[in-house]
Amino acid sequence: MTANRPEGHVPNVPAWSAVNLPERTAFSMILARGNGDTGTVDELKAELIGGGDAPDHLERARIVNSDDQTTVFLGYWTDPESQMRWCQRSAALKRPGILKETAVIPADRWETLHSTPEITPGVRNLLVAELTDVHEYWGAARDRIPASTTSDLASEPADPLPGNLCLIRSGQVWEHCGNRERSLYFTDVEPNLTAGIDFLAEHPETGCISSRFLREQTIDGDDLESTSFVGWFRDLKSLEDWSRTHPTHLAIFNSFLTMVADMGFQIELRLWHEVAVVPANGVHVAGTELSPLMAAS
């Protein structure tokens with residue numbers, strides 16, 4: 001399971017990875033374009049937090065890198081059939097300006113990594129995380145995906161969407177940072193993060209199909225001290241190539257390392273990500289808005 005790991009590699013810092021993932025998990029992003037229509041957002045919220053078949057974990061955010069105001073609900077279901085029943089009953093999904101993108105992810109098709117054992121956004125809210133030494137080298141994310149031992153996870157032709165589309169959600173939580181660390185993060189790191197996300201959004205030749213920068217919120221819509229990048233890629237290799245070689249990602253990586261050194265290698269910034277490679281027929285798009293994923297078909 002560690003084909004990319006250099007011989008004798010020992011990480012310099014600890015990291016944690018979620019374990020005992022459900023046999024299949026349904027992750028849905030429901031986007032409500034135009035926050036002026038508060039009725040749509042309120043109806044979605046009510047449907048998602050109450051009644052049967054509600055998600056096992058629910059989050060809310062707003063899209064930062066878009067001219068249109070867009071609210072996003074992010075739901076995690078440990079039973080995909082429950083998610084399907086919720087969709088069939090939802091009246092809000094039929095309202096104008098709604099887009100739903102769902103990935104049904106087998107347990108052996110994704111991985112998570114966290115810089116802290118504390119709870120962060122994402123599927124980690126439903127799972128236990130344990131220390132892992134499969135990190136801190138290029139290709140570690142692939143090594144943490146069990147299916148990579150039997151497949152190269154390359155894009156495969158399928159209808160209506162290709163198989164092995166790659167989904168990443170990668171977050172930053174600065175709630176616990178002191179003033180100096182916040183200053184370094186917002187002055188030196190976040191501008192590079194924003195530039196990288198914008199580059200991906202504007203350059204589909206990288207294999208990135210969709211690049212969204214989210215400001216995490218409470219379920220009621222108040223901003224939290226947390227952001228996340230949600231990206232869809234043609235395949236895992238496209239994400240790996242950008243991460244390993246492109247100047248925009250290297251700028252993010254190097255500015256973060258500089259911040260860590262400036263802080264004496266003692267930081268409170270909490271970093272996390274989850275990466276999934278979704279098999280054929282595992283990605284579903286619905287709603288009244290056009291999904292950028294349809295460009296991958």
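How exposed is T218, in terms of relative accessibility? At 27% relative accessibility, T218 counts as partly exposed, where buried means under 20% relative accessible area, exposed over 50%, and partly exposed in between, computed with a 1.4 Å probe on protein chains only.

Good morning, colleagues. Before I proceed, a word on the source. This is a predicted model, in which local features need pLDDT of at least 70 and side-chain atom pairs count only at pLDDT 80 or more, while totals for chains, interfaces and linings use all residues. Residues are numbered from 1 along each chain as its sequence is written, and side-chain values use heavy atoms, with hydrogens and water left out.

To return to T218: this residue is found in the loop between β9 (208-217) and β10 (223-233). The element names refer to DSSP runs, numbered from the N terminus, with helices being H or I of at least four residues and strands being E of at least two. Setting aside neighbours within four places in sequence, T218 is in contact with R60 and L224; contact means heavy atoms within 4.5 Å. C177 is 41 residues from T218 along the chain, and 19 Å separates their C-alpha atoms.

I turn now to helix α2, residues 80-89. Which of its residues are buried? They are P80, S82, Q83, W86 and C87. Viewed down the axis of α2, these buried residues fall within an arc of 155 degrees, so they line one face of the helix; the arc is that of the directions from the helix axis to the C-beta atoms. On the face of α2 turned away from its buried side, we find the exposed residues Q88 and R89. The packing partners of the buried residues are β2 (24-33), α1 (38-49), β4 (70-77) and β5 (98-106).

Eight of the 10 residues of β2 are buried, and the strand is mostly covered. β2 runs antiparallel to β5, and nine bridges join the two; strands are taken to pair if DSSP finds at least two bridges between them. Within this pairing, A26 has V104 of β5 as its bridge partner. β2 also pairs with β4, again in the antiparallel sense, over eight bridges.

Next, the aromatic residues. How many aromatic pairs does the structure hold? There are six. Rings of Phe, Tyr and Trp (its six-membered ring) pair if their centres lie within 6.5 Å, and planes under 30 degrees apart count as stacked, over 60 as edge-to-face and the rest as tilted. F27 and Y76 form a tilted pair, at 4.7 Å centre to centre and with 40 degrees between the planes. Because F27 lies in strand β2 and Y76 in strand β4, the pair ties together parts that are 49 residues apart in sequence. Both F27 and Y76 are buried. W77 and W86 form another tilted pair, 6.0 Å centre to centre, with 50 degrees between the planes; W77 and W86 are both buried. Elsewhere, ring pairs link W174, Y185 and F186 into a cluster.

Let me now consider H273. This residue has its place in strand β11 and is buried, with a relative accessible area of 17%. Its side chain is joined to that of E111 by a polar contact of 2.8 Å, and to that of R144 by a polar contact of 3.4 Å. A polar contact is a pair of N or O atoms within 3.5 Å; within protein, one must be able to donate a hydrogen and the other to accept it, and residues adjacent in sequence count only if both atoms are side-chain atoms. Beyond neighbours within four places in sequence, the residues in contact with H273 include T112, L113, R169 and S170.

Finally, some backbone geometry. The peptide bond from D159 to P160 is cis, with omega near 10 degrees, and P160 lies in the loop between α3 (140-143) and β8 (165-173). F265, a residue other than glycine, has a positive phi, near 65 degrees. F265 lies in the loop between α6 (247-262) and β11 (270-278) and is exposed, with a relative accessible area of 62%. N281 likewise has a positive phi, near 70 degrees. N281 sits in the loop between β11 and β12 (283-287), and at 54% relative accessibility counts as exposed.

Thank you for your attention.
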